[in-house]
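Here is a short briefing to read with the model open beside you. Please keep the viewer handy as you go through the points.

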Amino acid sequence: MVGVRRAGPDDVESIVDLFVAVVDEGKWLGTQPPVDRDVQRARFLENQNSPEAASFVALVDNELVGHARVELTPYKVAGLGMMVDARWRGRGVGGALVRAAIDAAGDLGAHKVALQVWPHNHVARQLYLRHGFVEEGVLRRHYPRRNGELWDAVVMGLVLDETSPGSPF
Ligand SMILES: CC(C)(COP(=O)(O)OP(=O)(O)OC[C@H]1O[C@@H](n2cnc3c(N)ncnc32)[C@H](O)[C@@H]1OP(=O)(O)O)[C@@H](O)C(=O)NCCC(=O)NCCS
């Protein structure tokens with residue numbers, strides 16, 4: 001049974017372990033190996049302590065199996081990032097985390113949640129679509145990889161505020 005709660009400082013080492021493992025898979029995240037653990041530890045801690053962000057862990061029998069975070073930009077769009085331990089994927093952990101992250105984004109005052117995902121990440125794209133995100137476009141040959149490749153990225157967004165006026169122009 002999966003439980004989701006706010007992440008705390010005691011979770012950071014396990015979150016970094018998970019991040020390193022997912023980065024090492026080499027095909028899901030923007031970060032490429034090797035991971036600088038000190039930099040990532042500081043980044044996750046800063047995220048936990050920021051009033052403009054929220055982070056969550058998913059636990060099974062007290063073992064950390066997933067992490068999600070939302071962080072407000074100055075223009076009040078919440079950027080979402082998430083990852084689930086490879087052994088625990090496909091069992092609803094990602095769904096539980098994305099729901100918590102969307103709720104937190106609303107509580108932070110975001111009018112929208114946004115993210116970018118690699119086109120080949122069909123599971124993530126499906127997960128986000130199922131939770132109301134739409135695919136807004138593709139950034140073509142946008143991100144250079146260390147081996148010289150240029151990868152496309154799909155831009156996805158979930159609008160939380162559909163009532164404020166749009167541009168008059
Ligand atoms: C994306 C990720 C967080 C999803 O977590 P998860 O725990 O597997 O998610 P869930 O089990 O809640 O949902 C997965 C869904 O994808 C579906 N799915 C599984 N394999 C699929 C495939 N090949 N193609 C499309 N959908 C697929 C599952 O059926 C499930 O949908 P359902 O609940 O309607 O049955 C996880 O795969 C992950 O950590 N990947 C590596 C890191 C990553 O990609 N992070 C996001 C970067 S943008």
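T31 is partly exposed, with a relative accessible area of 31% (buried means under 20% relative accessible area, exposed over 50%, and partly exposed in between, using a 1.4 Å probe and protein chains only). You are looking at a predicted model, in which local features need pLDDT of at least 70, side-chain atom pairs count only at pLDDT 80 or more, and totals for chains, interfaces and linings use all residues. Residues are numbered from 1 along each chain as its sequence is written, and side-chain values use heavy atoms, with hydrogens and water left out.

**T31 and its surroundings**

- T31 sits in the loop between α1 and α2; helices (H or I, at least four residues) and strands (E, at least two) are DSSP runs, numbered from the N terminus.
- Not counting residues up to four places away in sequence, T31 touches F19, V23 and R145, where contact means heavy atoms within 4.5 Å.
- From T31 to R87 there are 56 residues in sequence and 21 Å in space, C-alpha to C-alpha.
- P34 is also found in the loop between α1 and α2, and a cis peptide bond with omega of about 0° joins P33 and P34.

**Helix α1**

- Helix α1 covers residues 12-25, and at 1.5 Å a residue its 14 residues should span 20 Å; the end C-alpha atoms are 20 Å apart, which agrees. The expected span of a helix is 1.5 Å times one less than its number of residues.
- Which residues of α1 are buried? They are V12, I15, V16, L18, F19, V20, V22 and V23.
- The cover over these buried residues includes α2 (37-49), β2 (53-60), β3 (63-72) and β4 (77-84).
- G26 follows α1 and has a positive phi, near 80°.

**How α1 meets α2**

- Two packed helices are described by the angle between their axes and the distance between the axes.
- The axes of α1 and α2 come within 10 Å and cross at roughly 125°. Axes are lines fitted to C-alpha atoms, for helices over the stretch in contact, and angles run from 0 to 180 degrees between N-to-C directions.
- α1 and α2 are therefore oblique to each other; angles under 35 degrees count as roughly parallel, over 145 as roughly antiparallel, 65 to 115 as roughly perpendicular and the rest as oblique.
- On the α1 side, V12, E13, I15, V16, D17, F19 and V20 meet R37, Q40, R41, R43, F44, L45 and Q48 of α2.
- The residues of this contact divide into seven nonpolar, two polar and five charged. Here Ala, Val, Leu, Ile, Met, Phe, Trp, Tyr, Cys and Pro count as nonpolar, Asp, Glu, Lys and Arg as charged, and the others, Gly among them, as polar.
- Q40 lies in helix α2 and counts as buried, at 9% relative accessibility.
- Leaving aside neighbours within four places in sequence, Q40 is in contact with V16, F19 and V35.

**The loop between β2 and β3**

- Most residues other than glycine have a negative phi, and most peptide bonds are trans.
- D61, in the loop between β2 and β3, has a positive phi of about 50° although D61 is not a glycine.
- Is D61 buried or exposed? D61 is exposed, with a relative accessible area of 74%.
- N62 has its place in the loop between β2 and β3; its phi is near 70°, a positive value in a residue other than glycine.
- At 73% relative accessibility, N62 counts as exposed.

**Helix α3**

- Helix α3 takes in residues 93-107; at 1.5 Å a residue, these 15 residues should span 21 Å, and the end C-alpha atoms are 21 Å apart, which agrees.
- Eleven of the 15 residues of α3 are buried, so α3 is largely enclosed by the rest of the structure.
- Buried residues of α3 include V93, L97, V98 and I102.
- Just after α3 comes G109, with a positive phi of about 95°.

**E52**

- E52 is found in the loop between α2 and β2 and is partly exposed, with a relative accessible area of 35%.
- Apart from neighbours within four places in sequence, E52 is in contact with V70, E71, L72, K76 and L108.
- E52 and G106 are 54 residues apart in sequence and 11 Å apart in space, C-alpha to C-alpha.
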